[in-house]
Amino acid sequence: MDEFKVLEIKESVFADNNRQAAVLREELKKSGTFMLNLMSSPGSGKTTTVVRTIEALQNEMKIGVVEADVDSDVDARTVSLTGAKVIQLHTGGMCHVDANMTTQGLSGMGVEGLDLVILENIGNLLCPAEFDTGASKNAMILSVPEGDDKPLKYPLMFSIVDVLLVNKIDAASFFNFSLEAVTERVKKLNPKVKIIPISAKTGEGIAEWADWVRTEVKHWKND
């Protein structure tokens, strides 16, 4: 029988990415810049939530946004209207953002003097969960119309986030959606996760969300 080598490409890719992510995180720590990796499905209200976050915090900190998409600059144009620093990152068909892409985006935008950078990741619940971007914290949005069963279908995403925003909570009465069921299912996967119901449309819960971000930025700078 012929002897041959088996090369585990996936493990190698993840190992290389994790090393780059650790380097980037250390560089951001030294510069005093907190980076939030925001993930969700398409249509969950990610960009609207980013805009609300900027509006809530822009008078007390300098904010930059890295908009990641397969194509188009629609979201970057929307966010730029807030006055925040923004760069559009095209992934060339990739369904995720990794540490190398993030580093390129931050380099292109420039993070000097920024307190907070929000990385708006590619819209899906699979690939982005697998790649460490070098972020200080991971956040995700689950919108009410998606259903309360998503933690059962995409456990990895819910297990790696530090905070979960349940968006479009103002529309909960129109859908068969249980916040209690989501909370129970997510806590089984991730007992320490912070869950905040919000409505990016009406502003409900945004103050609590802004307080969470504010606290994490302060800890990042002072630790």
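Residues are classed as buried under 20% relative accessible area, exposed over 50% and partly exposed in between (1.4 Å probe, protein chains only). The model is predicted, so local features need pLDDT of at least 70 and side-chain atom pairs count only at pLDDT 80 or more, while totals for chains, interfaces and linings use all residues. Numbering starts from 1 along each chain as its sequence is written, and side-chain values use heavy atoms, with hydrogens and water left out.

Lys-168 is partly exposed, with a relative accessible area of 28%. Its phi is positive, about 65°, although the residue is not a glycine. Most residues other than glycine have a negative phi. Lys-168 lies in the loop between strand S6 (163–167) and helix H7 (179–189). Helices (H or I, at least four residues) and strands (E, at least two) are DSSP runs, numbered from the N terminus.

Val-70 occupies the loop between strand S2 (63–69) and helix H3 (74–80). At 43% relative accessibility, Val-70 is also partly exposed. Contact is taken as heavy atoms within 4.5 Å. Neighbours within four places in sequence aside, Val-70 contacts His-90, Thr-91, Gly-92, Gly-93, Met-94 and Ile-122.

Three aromatic pairs were found in a search of the whole structure. Rings of Phe, Tyr and Trp (its six-membered ring) pair if their centres lie within 6.5 Å; planes under 30 degrees apart are stacked, over 60 edge-to-face and the rest tilted. Phe-34 and Trp-220 are edge-to-face, because their centres are 6.2 Å apart and their planes meet at 85°. Phe-34 belongs to strand S1 (residues 34–40) and Trp-220 to helix H8 (residues 206–222), so the pair ties together parts 186 residues apart in sequence. Both residues are buried. Trp-209 and Trp-212 form a stacked pair, at 5.6 Å centre to centre and 10° between the planes. They are three residues apart in helix H8, about one helical turn. Trp-209 and Trp-212 are both buried.

Helix H8 also meets helix H2 (residues 46–57). Their axes come within 10 Å and cross at roughly 70°. H2 is thus roughly perpendicular to H8 (65 to 115 degrees; under 35 is roughly parallel, over 145 roughly antiparallel, the rest oblique). Axes are lines fitted to C-alpha atoms, for helices over the stretch in contact, with angles from 0 to 180 degrees between N-to-C directions. H2 contributes Thr-49, Arg-52, Thr-53, Ala-56 and Leu-57, and H8 contributes Ile-206, Trp-209, Ala-210, Val-213 and Arg-214.
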